[in-house]
Amino acid sequence: MFSGDIAKRAVIDSFVKLDPRVQIRNPVMFVVELGALITSVNWIAAVFGARLLGSHDPAWYTVTIAAWLWLTVIFANLAEAFAEGRGRAQANSLRSMRQQTVATMEDGSTRQADELRRGDRVVVVAGELIPGDGTVIQGIASVDESAITGESAPVIRESGGDRSAVTGGTRVLSDRIVVEITQEPGQSFLDRMISLVEGAARRKTPNEVALGILLAGLSLVFVVVVATLRPFGLFAGTNISDTTLISLLVALIPTTIGALLSAIGIAGMDRLVRRNVLALSGRAVEASGDVDVLLLDKTGTITIGNRLASEFLPMPGVSEAELAEVAQLASLADETPEGRSIVVLAKQYGIRGRDLGELHAEFVPFTAQTRMSGVDIDGTRLRKGAGDAVIAMITAEGGRPPAELRALIDRIAGAGGTPLAVARDNQVLGVIHLKDTVKEGMRQRFDQLRAMGIRTIMITGDNRLTAQKIAEEAGVDDFLAEATPEKKLELIREQQAAGRMVAMTGDGTNDAPALAQADVGVAMNTGTQAAREAGNMVDLDSNPTKLIEIVEVGKQLLITRGALTTFSIANDVAKYFAILPAIFVSTYATTRGGDGPLHVLNVMNLGSAHSAVISAIVFNALVIPLLIPVSLRGVPYRPIGAGALLRRNLLIFGLGGLMAPFVGIKLIDLLVHNLLGA
Amino acid sequence: MTVAGWVTIFAFVTVLTALALPLSRHLAAVYGNGTTFLDPVMRHPERLIYRLMRVDPASGQSWRAYARSLIAFSLAGWLLLYLILRTQGLWDFTGLNPMHFASAPWNVTFNTVSSFVTNTNWQYYGGETTMSYLSQMAGLTVQNFASAAVGIAVAVALIRGIAKHVSDAHATDAASIGNFYQDLVRTILYVLLPIAFVVAVALIWQGSIQNFSHYLSFSGLAHVAQRIAMGPVASQESIKLLGTNGGGFFNANSAHPFENPTALTNFIEMLTVLLIPAALVIAYGRMVGNRRQGYALYGAMMVMFLGAVAVCYIAEAHGSPAQHAAGLHTAAVNGSAGGNMQGKEQRFGIAGSALFDVVTTVTSCGAVNSALESFTGIGGAVPFANLSASEVIFGGVGTGLYSILLYVLLAVFIGGLMVGRTPEYIGKKIEAREIKLVALGILVTPLAALFSTALATASSAGRASINTAIASGPQAFSETLYAYLSQANNNGSAFAGYTGYSGLVGNAAGSHGFTFTDLLGGFTMLIARFVPILFALAVAGALVSKRVSPAGLGTMRTDNGTFVVLLIAIIVLVGALTFFPALLLGPIVQGLTGHLY
């Protein structure tokens, strides 16, 4: 988890961060630092013989407490530095590819890449780095985007259409393209990515702000509780030293969560980047945990996107094998996924691939006018095509399509499939059933989402009937058929008006308005620049089901904060039972110097008053580094429903937080008191 | 412990719930502008009052306007009451000051006025030795009604903030949380007056007095001249309980036979105290459109209430370590219930006293029918614990509900994070602004109590209020702590011995107040009453126009057992973490030692 370099840098940073100007941003830790400072001053004063108010402690006690208070702050800094360090390591690898490139402008002049402005047009040829984010406006090229996606296979980028966006720092492998720059200097994709993973651009998310306020409020309570304890103690004839009061305060304020809060946020962002998702704001990551409704495009997301042949349905008097053979011959030259799937299906009938050249076949390609394709072999015309197109052709040639054909075509269309009629000259042999295939494992993913409390709505341009079939097969909760960009936008607004948080993925320019309207809009990296700018996250893998992982990261972020807050507050009970009996051990004692009535509260049977306070402070400090891995990894999210999740986390972090310090403080006391003699 | 004792306790809970259910329907109708069975009687006076006050009840107020009206009304009430009490001697001609009492000094009056306007009813004065009938009726009783209605109005406003579904955030009344004057008037006419009237009649039937006569003088069996105080007791007693005010007509409060004549009135009085707080919680469920939400809060409160009653009853029935050490008879035998009877009335017994005092310290009533300072260490720690929980176990009328709702929002926030969603309560998101207001609203009362206690114990001016002849060490600390806990929580009950007024019996000539103690207490009450009210109203204002999200599988439910446990844990933890060190030096020390202080 931690490499040596990160660790070394983190240790140095944790000292640099002791600067009070850094600490003041975190009120809880600022109080600890202030306490450490006062205790240190008290110790120095004691060494030089000065007697401060209430200071009747041995110097070794004061200096031990002071040291552990400083360590508490340093541990907190360490947590943050580790989280930042892991981000920085990623940023460095990103930065290394942001080399100074010289851009060739469209007019032939050259300019430094970092001087490019929005609207500039640059020419990039094979072997060159693309100087900035932009849109291809002319040409087509294969581009190596491994620098940002980690995926080594080159991708095609071309002008027009949905694959026009290019990212600065990626390399053109072939051909020549003209790119219109869409960024201002210093605000490129890469720049934003670097500042995000480094935590430099990190702004506190709404829930983090709210939690921060709560923690500050709790700290305020304990400041008053501890401050009033001095007069209360004096009233009972017990003078409590500064060192002990400060120790009590630090033990009570929520240092555990206060120390880890920013590390949790940074690590959450980091986890997303590791999944190749780039969130443009922390707010969006948090919002993804709240998503109620997920809109998914059918094509390419829920279904494979290409309609594949699933069965051959021959007309009466025609055998399946005969239909399969003709269908295969008609498709041999067809390089579309549909055509290839027909050849694959035909193989199941023992029909091998044949060489068209040997057959003296002539390929008839698909045109929008004929809406069919096929081959001519020795004058025999083999055709496959849309049902009504084939019927029209045969009727025009004086043939008579079988009566069953129309019914069969309607039945397939009704079931959500695409019927392709196969004809030999003017005889219809049968129909190929092309089916839109639902990707494997989608149903389980939707079940998982449902268990998270998220409804999925499938968006498709298909008609209602087709849409309904696929929706049932895939197991989505609802669907929007015959969708247009306007309808999509309307659906999002409708859901939001009902108070739901909407997430969607998209890649095309026509998705941009909907991506912008959605609470969480994940743009595919393969998409257009418009889509990438409209969304608030970009998935570098362009995997639409990535949203499930994004939601998990968002939820984990909140759960981790909530769990550690609960743990932190629950810890206080044990700390009271450690420190208060130590303070009031001889209060109202009947014999001078003897134990007073409150010593029975020393339920942990801690060795001595000094050892009790030290043990509580040591426990309080050590818990922070012990919980750094939890805060970086996140508390796991399980889709078991909110009730069960709450009970589970309450048991682990609430009850656990109540018990753990009793054990921990006792163990430390055994060491401190019995071994070290405190 | 006796079977009869436990039967009393469980009968009480059963009757309370049985009465709260129908009353909750009435309350929901009163505040939802529905029709009630009182409409024929009250509609005309209601309209008349609106006309006199020049108020348009139909026009809603934003939280700021609502708060302004509330503060203005309370300030006017404060000034009027101060005027009445300070001019007491001028009103002898009315015949309502038969004993010709002069006014109490300014500092005591400041404390008393602040006390009644804040629904605290902390009393540094003795009613029958200080107050004229006019002051009791036109001054204190009026505030008993008014301050109770203010508390209920705030609760109703907060409920509206939570319950309201605003479809258009720009609509003119989108930010409205109701109309303060309408809530005030309807509370008094449709809720407080009718019930208070019925209870007063029941008290008179059982022996409470209601007259304007001169005090009775007679010679007792020992041939010592005695005086029996008279007055319009029943009418003030009923609202004192119903409005969770608690300020007794007499110094002995509900232990006095004219205030609380029989075991039956004791039962009725306890019911009267909890009636509205209990019904309001159930009405809350009705008003937010999900009764389970109300029942969940009712359940949480009831669990904590029964816990407090059980601890207090068992401790009192068992007696204190000191009593056992002294060989005092504390076991139940024929003809005696046993236990710690010190400071308790025979006609109420241990169960009737323990139950009564838990009832009045979980609510902000503070009436007492026995001497809290004579309770055992653990039994006496129960009122402390109840006050430490910031009066959210049923609590004062209205106050209890809006206070526990702040804790609910806190629990929702922490719990909501743990299920991985931005926390939401009944569909509304709890964000930074709400958490800020909630945290401040919850903090003010306990911090005011601690801060004032520290000032009072650390200064010689504060320590002057401790009667060192009867209290020292932890007992003195307990009395001081309790005084400020009670005033900060607007409760009004006391661990006697701590005083802000040295009055003389008779015409109060030569009486003087302890300025430091009177002012500290007065300001503690005012701050701890009105600052949380402002925060609660601000929360209502922040929530009212929020979008409502439908609940899904991923939403944390707030109407089931898990949430009730979480809520109780947070209330107990916040109270315990805030007050444990202070309680350690008072009741806990005393509970752990046989030494008497």
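Residues are numbered from 1 along each chain as its sequence is written, while chains are lettered from A and ligands numbered from 1 in the order in which they are written. Since the model is predicted, local features need pLDDT of at least 70 and side-chain atom pairs count only at pLDDT 80 or more, whereas totals for chains, interfaces and linings use all residues; side-chain values use heavy atoms, with hydrogens and water left out.

First, the holes. A cavity here is a set of points, on a 1 Å grid over the protein atoms alone, where a 1.4 Å probe fits but cannot get out, and its lining residues have an atom within 4 Å of a point. Grid points are joined across faces, edges and corners, and a volume is the space filled by probe spheres set on the points. Six cavities of 30 Å³ or more turn up by this rule. The largest cavity comes in at about 180 Å³, and 16 residues line it, with Ser390(B), Thr399(B), Ser403(B), Thr445(B) and Pro532(B) nearest its centre. Helices H14 (399-418), H15 (432-458) and H18 (515-544) of chain B are the elements that each give two or more residues to this lining; helices (H or I, at least four residues) and strands (E, at least two) are DSSP runs, numbered from the N terminus. H14(B) gives the most, with five residues. By class, the lining of the largest cavity splits into seven nonpolar, seven polar and two charged residues. In this scheme Ala, Val, Leu, Ile, Met, Phe, Trp, Tyr, Cys and Pro count as nonpolar, Asp, Glu, Lys and Arg as charged, and the others, Gly among them, as polar.

The second largest cavity has a volume of about 50 Å³. Its lining includes Leu85(B), Gln88(B), Val108(B), Thr112(B) and Met131(B), and helix H4 (residues 106-117) of chain B gives the most to it, with three residues. Four of the lining residues of the second largest cavity are nonpolar and five polar, with no charged ones.

Over in chain A, six strands make an open antiparallel sheet in the order S2-S1-S3-S9-S4-S7. Two strands pair if DSSP finds at least two bridges between them. At the edges sit S2 (110-112) and S7 (165-166) of chain A, each pairing on one side only. Strand S1 (residues 102-105) of chain A runs antiparallel to S2(A) over three bridges, and Val102(A) has Gln112(A) as its bridge partner in S2(A).

Another stretch of chain A holds a hairpin. Strands S14 (residues 372-377) and S15 (residues 380-386) of chain A pair in the antiparallel sense over six bridges, with Asp376(A) opposite Arg381(A). Two residues separate S14(A) and S15(A) in this hairpin, and Asp378(A) in the turn has a positive phi of about 50°. S15(A) also pairs with strand S16 (residues 418-424) of chain A, antiparallel over five bridges; here Leu382(A) stands opposite Arg424(A).

As for charged pairs, the whole structure has 34 salt bridges over all chains, each being a side-chain nitrogen of Lys or Arg within 4 Å of a carboxyl oxygen of Asp or Glu. In one of them, Arg561(A) meets Glu208(A), the closest N and O atoms being 3.7 Å apart.

Arg160(B) and Asp183(B) form a salt bridge at 2.9 Å, N to O. Arg160(B) belongs to helix H6 (residues 133-163) and Asp183(B) to helix H7 (residues 180-206) of chain B, so the bridge ties together parts 23 residues apart in sequence. Arg160(B) is buried at 16% and Asp183(B) at 1%. Salt bridges with shared partners also join Asp292(A), Arg421(B), Glu424(B) and Lys429(B) into one network.

Finally, His26(B) is found in helix H1 (residues 3-31) of chain B and is buried, with a relative accessible area of 12%. Leaving out residues up to four places away in sequence, His26(B) touches Thr36(B), Phe37(B), Leu38(B) and Tyr190(B), where contact means heavy atoms within 4.5 Å.

Note on methods:
On a 1 Å grid over the protein atoms alone, a cavity is a set of points where a 1.4 Å probe fits but cannot get out, and a pocket is an open set with protein on both sides within 12 Å along at least five of seven lines; lining residues have an atom within 4 Å of a point. Buried means under 20% relative accessible area, exposed over 50%, partly exposed in between (1.4 Å probe, protein chains only).
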